[in-house]
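Keep the structure open beside you as you read.

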Amino acid sequence: MGKVHPQALHSSTTCHLTSKQETFTLWMKSLVLNGKGCTVFDSNGQIAYRVDNYNCSHRNEVHLMDQKGNVLFTILKKLCKFSRFWEGYRFPATKNEHKGPSFRVYQTHRISKGDSTCQVELGLDKNQSYTYKIESITCKSACKITDEFGVMVAELRRKKSNCGVDLGDDVFTMVVEPNKDLSLIMGLVVTYSLINYRM
């Protein structure tokens, strides 16, 4: 089996705002033994973000962390009558604090298990609301994130080796466009993975 990322696994400092198009490798595995989550590598092979869920049966509260283990977002699953949605709270906000969520993700259409379209409300914590859409592009949890004008913000696709071989259905390449909040995009990707039971 090919390596998830060819470089050594060392941590590095991560800027949360893109200045140019950036590419990441997502491995839908936790580095914690018997844990659920994902590990994100930057283009130099350094760990950029991670999710480590020690309680594998508990998916209602998940924490997105940077390479040092600092929590960036707490993602909570919410139930309202017959609907469900997910909210992302920027650290250090928790479900017990009064600060509102930064984003809210609704599942708006379901074609089949693991295949969905989601509506995203953003800027809720700053009262500057705008929307994104997350659309499935294959049944393997690959997706694209677009803004309210349909412009691509980020895209997640299966990663291939240099010779064109898929590295597995749990390894993805994520391309993020310039001037985007990386931690926010990662929060949305993690939420989408939770919705599709990939984590």
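Strands here are DSSP runs of E at least two residues long, numbered from the N terminus, and two of them count as paired if DSSP finds at least two bridges between them. With that in hand, take the hairpin of β5 and β6: 2 residues sit between the two strands, and Lys81 in the turn has a positive phi of about 55 degrees. Please bear in mind that this is a predicted model.

**The overall layout**

The protein chain has 1 helix and 12 strands. Followed along the sequence, the pattern is β-β-β-β-β-β-β-β-β-β-β-β-α. Of its 199 residues, 46% count as buried.

**Strands and their partners**

Another hairpin is made by β4 and β5, with 4 residues between them. In that turn, Gly69 has a positive phi of about 90 degrees. Across from Glu61 you will find Leu76 of β5, while Phe73 has Arg90 in β6 as its bridge partner.

Thr25 has Thr173 in β12 as its bridge partner, and Glu155 stands opposite Val175 in β12. The table brings the pairings together.

| Strand | Partner | Direction | Bridges |
|---|---|---|---|
| β1 (residues 22-27) | β12 (residues 171-176) | antiparallel | 6 bridges |
| β11 (residues 152-158) | β12 | antiparallel | 5 bridges |

**The nonpolar core**

Which residues touch the most other members of the largest nonpolar core? They are Leu26, Phe103, Ile145, Met174, Ile185, Leu188 and Val190, out of 39 residues in this core. Helix α1 (residues 182-195) gives the core its largest share, 10 residues.

A search of the whole structure turns up 0 disulfides. A disulfide would need the two sulfur atoms within 2.5 Å. Both side chains are also hidden from the surface by the cut-off of under 20% relative accessible area: Cys118 is buried at 0%, and Cys143 is buried at 1%.

**A pocket and one of its lining residues**

The second largest pocket holds about 160 Å³ of space. Its lining is made up of Arg90, Ser102, Leu122, Gly123, Asp125, Lys126, Gln128, Tyr130, Asp181 and Leu184. By type, these residues divide into 3 nonpolar, 3 polar and 4 charged.

Tyr130, another of the lining residues, belongs to strand β9 (residues 130-136). Is Tyr130 buried, partly exposed or exposed? Its relative accessible area is 30%, so Tyr130 counts as partly exposed. Asp147 is 17 residues from Tyr130 along the chain, and the C-alpha atoms of the two are separated by 8.4 Å.

Conventions
Residues numbered from 1 in each chain as written. Predicted model: local features only at pLDDT ≥ 70, side-chain atom pairs only at ≥ 80, totals over all residues. Heavy atoms only, no water. 1 Å grid on protein atoms, 1.4 Å probe; cavity = no way out; pocket = protein on both sides within 12 Å on 5 of 7 lines; lining within 4 Å. Points joined across faces, edges and corners; volume = space filled by probe spheres on them. Nonpolar A, V, L, I, M, F, W, Y, C, P; charged D, E, K, R; others polar. Buried < 20%, exposed > 50% of the residue type's maximum accessible area, 1.4 Å probe, protein only. Core = buried A, V, L, I, M, F, W, Y, C linked by side-chain atoms within 4.5 Å.
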